[in-house]
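I opened my notebook for a slow look through a new model. Here is what I looked up, entry by entry.

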Amino acid sequence: MRRVRSIPFGYKLILPYVLCLLIAVLTVGLFAYAHSVNSLREKTRENLQGTLRQMRDNIRYRTDDIERISNSLYYNYSLQNALRRYDQGWYSYETMTKTLMPALENLLNYTASNIGLSLYLQNETLPEVFYKDEEQNPLLSTKRYEIYHLRRIQNADWYRMLEFSGTLPGLSRWQQILRDQGDGNISLLQRLDDVQRGQPIGLVRVTVQIRDLLDSVDYRKIGEFSTLAVSDAGGRIVLKSSPEGVETGPDESGRLLLSEPLDGLGWQLQAYIPNSLFDESANEVRRMTLLVCLVSAFILACLGIWVSGYFSRRIQKIVGSLNAFHDGDFHKRIRFKGNDELAQIATAFNRMGSNMEELIHKNYVADLQKKEAELESLQAQINPHFLYNTLSSINRLAQFGDTLKLNIMVQELAKFYRLSLNRGEILTTVRKEIEHAKAYVAIQCIKYGERLSVYYDIDPEVLEYTTVKLILQPLIENALEHAWFGTTLGIRLVVEKHESEIVFKVIDNGVGMNTDIIRQILAPEGPRIGYGIRNVDSRIKLHNGIGYGVAIASRPGIGACIQITIPCRM
């Protein structure tokens, strides 16, 4: 039955957090974006409205400047005294040259703009002064004053409308009259009264170019693709400022319309703002909001991953210890700081592990004693046979008088049994185990002569580590009994360190073995074949755990490599 792969605990912990995080970030981000866009639109609208007010104030300053010129004439009492005298001759000449004309000259110099100052008088004793205009607007090139008799305009429609409208003494009115509309001008009309007697004595007309009056109306102060327009009371466009090629009317859709009244003129200052101006700001807010949301989500996700990893590591440590128990390693312990639920689980787990290890140790010791008894029994059976063969070899050497080999064999035999006994201890050092194997090999080399070649590759770093005794000699003896392939045999003994492990290798160039034989040798309840190798494997596993022991690699006709792996323990 196929096992369904479960989702790791860390993923189960982080997924709901990420889901809630996304919902929270999206909600806050959308709210912040909508609120920011609305605030930005309102702020932009206020700024644009403020710009319009500033333009309105600039226009108002210009109109007030023109009105001050008219008021200067209205409140010039010496001029009024001169105008209400109807004496002719020298007095009329003196009034013109010393009073009226100097006053008008001074008023023309009051402003830098080109203006036209016209004075319509009831006193016809004073001569008229005027210019004969051509088609061109005279205000384009100069500023000037003119003096007319009032009778010239008394029948004009605009004057009668002005008179019938009930304009109060001293009050002024902006209006386009005569050629003003065609020339692009506008005039300020104010009745000139005798303040002392309350009688009208004439009319003051100050004409100015609309372009000069509205020079602050510039679409570039509002924004690109915006349009500014000034319309009169009838809705007619008096002045428009817009980019080239942009046509804008009052009925245009898709644009924001802002307006400010131009007091005194009776006109409206209107601004048509394209939505793109707001869209650019909204896009910037959108990008900033998205960036902040992404950065916030990233930081919160990293924090969530760290928290999830923290708890996942604690859970994985518990799971890893349980798996180690399942594999037979009962030395695992868990150490957690604090007194939370996981720390309590770890404490209970450690207590359970200690109890299990104590029970298993009792069984282990009993099984180990049984195995050692079996080994001693096997050694008791092997050693007499080995001793008999060795003594026979010593006898032959004595008969032939080969004292050198005789001496070597006796010394190696003594060393072999001294190291085998090891004062009754089960454990020994790697150095003594290798010396024990060398003593056995030395005896066998004298016996087989040149037919046997043994090579040693020993790492000096491993010599002081601890091992179970009598693990190499059974492997070499097995090679001498079963590996012969022809008349010669080569054996290589390798001892090296791999990180935290020591590896012994007995390599021969003999007949080799197939996989069935290897499986029978390593089977716990296998046949008597390879009993010595199986016994070594069992003893190593009993002392060091099932992760260590014997491994065999071989192919028929090539040779065999029997490897022993033990932990590095001093």
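At what angle do helix α9 and helix α10 pack, and how far apart are their axes? I found that α9 (residues 403-421) and α10 (residues 430-448) pack at about 145 degrees, with axes 9 Å apart. Axes here are lines fitted to C-alpha atoms, for helices over the stretch in contact, and angles run from 0 to 180 degrees between N-to-C directions. Helices (H or I, at least four residues) and strands (E, at least two) are DSSP runs, numbered from the N terminus.

A note on the source: this is a predicted model, where local features need pLDDT of at least 70, side-chain atom pairs count only at pLDDT 80 or more, and totals for chains, interfaces and linings use all residues. Residues are numbered from 1 along each chain as its sequence is written, and side-chain values use heavy atoms, with hydrogens and water left out.

Next I listed who meets whom, taking contact as heavy atoms within 4.5 Å. On the α9 side I noted Ile 408, Leu 413 and Phe 416, among others, and on the α10 side residues including Ala 439, Tyr 440 and Ile 443.

Then I stepped back to the whole protein. I counted 13 helices and 16 strands. Of the 570 residues, 42% are buried (under 20% relative accessible area; exposed is over 50%, partly exposed in between, with a 1.4 Å probe and protein chains only).

I looked up Asn 478 in helix α11 (residues 473-482). Buried or exposed, which is Asn 478? Asn 478 counts as buried, because its relative accessibility is 15%. Beyond its neighbours within four places in sequence, Asn 478 touches Ala 483, Ile 533 and Ile 562.

Salt bridges came next. Side chains of opposite charge can pair when their charged atoms come close. I used this cut-off: a side-chain nitrogen of Lys or Arg within 4 Å of a carboxyl oxygen of Asp or Glu. The structure holds 19 of them. In one, Arg 56 pairs with Glu 260, the closest N and O atoms being 3.0 Å apart. This pair links distant parts of the chain, since Arg 56 sits in helix α1 (residues 9-74) and Glu 260 in strand β8 (residues 255-262), 204 residues apart. Arg 56 is partly exposed at 25% relative accessibility, whereas Glu 260 is buried at 7%.

I also noted Arg 179 with Asp 183, their closest N and O atoms 3.3 Å apart. Shared partners join Arg 53, Arg 56, Asp 57 and Glu 260 into one salt-bridge network.
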